[in-house]
Amino acid sequence: MTGSSPSSTLGQGQRLILLFTALALAVVLFLLRGGLNAEAPLEQLARRSLDPDVALTNGRPTVIEFYADWCQACREMAPAMLTTERERENQLDVVLVNVDNPRWQDLVDRYDVNGIPQLNFFDNKGKLQGLSLGARTQEQLQQLTDALIQNQPLPKFAGVGAISNLNASQERTEKQNDLEAIGPMSHG
């Protein structure tokens, strides 16, 4: 016995099969990652996004989307949001705020973001008109942004993610302030 082991090299046919399999997997992965345009809609929106302070003071209605890179609902809604942003780019600003970025913590706190995606709708003077929690369809985004551009009341959608009526909220706050002003010692 000379200590030689049986040959473990692949034959030419096996090497070709392995090469073609590796190439096929590489092509599939390339296509799944977006092909030549590897930037997903969410990343495109984030890159195109204005600073919130600029958007809220430039005289155009604004939609601020609070999102996170890991949020599946945010990613699913991104193509519809990108289409909406492109169709209304001269009429409306779409701003993305990543809730995981410490730079935006003040906005997350100010607008009481407790779930994502959260859309905040502002008129052309930067005044908050309403909000939506959860993913929206292309049709819903069109209706919401059309109403915002036309300075009309935002449509109310039933179920989870319905837009809150901020005027009713403000009225409740005003009534609470009135009740606090009366108090037990006011005799009024």
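These exercises work through the fold of a predicted model.

The model is predicted: local features need pLDDT of at least 70, side-chain atom pairs count only at pLDDT 80 or more, and totals for chains, interfaces and linings use all residues. Residues are numbered from 1 along each chain as its sequence is written, and side-chain values use heavy atoms, with hydrogens and water left out.

**Exercise 1. List the secondary structure of the protein chain.**

Solution. Helices (H or I, at least four residues) and strands (E, at least two) are DSSP runs, numbered from the N terminus. The chain has seven helices and four strands. Along the sequence they follow α-α-α-β-α-β-α-β-β-α-α.

**Exercise 2. Find the strand order of the sheet, and explain which strands stand at the edges.**

Solution. Two strands pair if DSSP finds at least two bridges between them.
- The order is β2-β1-β3-β4, in an open sheet with mixed pairing.
- β2 (93–98) and β4 (128–133) each have a single partner strand, so one side of each lacks a neighbour in the sheet.
- The twist averages 20° from one strand to the next.
- β3 (residues 118–122) and β4 run antiparallel, joined by five bridges.
- Leu119 stands opposite Ser132 in β4.

**Exercise 3. Which residues of α2 are buried, and what do they pack against?**

Solution. Buried means under 20% relative accessible area, with a 1.4 Å probe and protein chains only. In α2 these are Leu42, Gln44 and Leu45. They cover an arc (of the directions from the helix axis to the C-beta atoms) of only 160°, which puts them on the same side of α2. They pack against β1, α4 and β2.

**Exercise 4. Check the length of α6, then locate its buried residues.**

Solution. The expected span is 1.5 Å times one less than the number of residues. For the 12 residues of α6 (residues 138–149) that gives 16 Å; the end C-alpha atoms are 16 Å apart, which agrees. Gln140, Leu141, Leu144, Thr145, Ala147 and Leu148 are buried. Their arc is only 155° around the axis, which puts them on the same side of α6. Their cover includes β1, α4, β3 and β4. Just after α6, Asn151 takes a positive phi of about 55°.

Terms used. Axes are lines fitted to C-alpha atoms, for helices over the stretch in contact, and angles run from 0 to 180 degrees between N-to-C directions. Buried means under 20% relative accessible area, exposed over 50%, partly exposed in between (1.4 Å probe, protein chains only). Contact means heavy atoms within 4.5 Å.
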